[in-house]
Amino acid sequence: MEEKELEIEEEMKEEGEEELAKEEEDKEEEQKEEEQKESKKFLKKKEKKDKKEEKIAELEDKVKRQMAEFENFRKRTEKEKSAMFEVGVKSVIEKILPIIDNFERGLLSVPEEEKGSAFSEGMQMIYKQLLTGLEEIGVKAIESVGQNFDPELHNAVMHIDDEQYGENEVVEEMQKGYMYHDSVVRHSMVKVAN
């Protein structure tokens, strides 16, 4: 009987050890599952953070691009505005130049005996005031007589052969030309020699 008891004891011992081993395995599996769950949570959080960071970077890029576009738009409109102003000023100057031409013709036609009269003096003062006003905004007459012919500044309407003058020299100005800053508003009408 003792043998049977020993066998039973051994069997019980083995069963107990198996149960302990099984419990330990279960605990290890539970621990692994828990670790996997935690790592999945961590990865999900990290993915969420990565997605958020991507979205933030995307939005920052979009804002920077819009700011650059706005800056370019502002610069472009400023250039367009100044170009429109230049065109407007040139247009007004072109309308004033015939008036100046008529003043010059009128002053040249005043007889010598009337040059000192109040009317003549008043006309001369108005003419000078007009020229001063134009100079203040950047308009100046193109110097022509005695200069070499320049197609950028002059419009040759006559040509003469005269050894007294140099090659392509402007000898007479029929109509004054004017410049606004660095651009020609009206070319000078000139007579060119040789």
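Glu112 counts as exposed, at 62% relative accessibility. Its side chain meets that of Lys115 in a salt bridge, 3.5 Å from N to O, and Lys115 counts as partly exposed, at 36% relative accessibility. Please bear in mind that we are looking at a predicted model.

In total, the structure holds 7 salt bridges. Among the residues involved, Glu71, Arg74 and Glu78 are joined into one network by salt bridges that share partners.

I turn next to Asp101, which forms a salt bridge with Arg186; the closest N and O atoms are 2.8 Å apart. Asp101 lies in helix H1 and Arg186 in strand E5, residues 183-186, so this pair ties together parts that are 85 residues apart in sequence. Are these two partners buried or exposed? Asp101 counts as buried because its relative accessibility is 6%, and Arg186 counts as buried at 15%.

Glu104 pairs with Lys176, with the closest N and O atoms 3.5 Å apart. This pair also links distant parts of the chain, 72 residues apart: Glu104 is in helix H1, and Lys176 is in the loop between strands E3 and E4. Glu104 counts as buried, at 17% relative accessibility, whereas Lys176 is partly exposed, at 28%.

Now to the nonpolar core. The largest one has 12 residues, including Val89, Phe103, Tyr127 and Tyr180. Helix H1, helix H2 and strand E4 each supply at least two of its residues, and H1 gives the most, with 6.

Finally, the surface. Lys37, Lys40, Lys41, Lys44, Lys45, Lys48, Lys49 and Lys52 form a positive patch. One of these, Lys49, is found in helix H1, residues 2-108, and counts as exposed because its relative accessibility is 54%.

Key
Residues numbered from 1 in each chain as written. Predicted model: local features only at pLDDT ≥ 70, side-chain atom pairs only at ≥ 80, totals over all residues. Heavy atoms only, no water. Patch = residues over 30% accessible without salt bridge, like charges linked within 9 Å, V, L, I, M, F, W, Y side chains within 5 Å. Areas by Shrake-Rupley, 256 points an atom, 1.4 Å probe, with all protein chains shown as cover. Salt bridge = Lys/Arg side-chain N within 4 Å of Asp/Glu carboxyl O. Lys, Arg positive; Asp, Glu negative; His and termini not counted. Charge placed at Lys NZ, Arg CZ, Asp CG, Glu CD. Helix = DSSP H or I, 4+ residues; strand = E, 2+ residues; numbered from the N terminus. Buried < 20%, exposed > 50% of the residue type's maximum accessible area, 1.4 Å probe, protein only. Core = buried A, V, L, I, M, F, W, Y, C linked by side-chain atoms within 4.5 Å.
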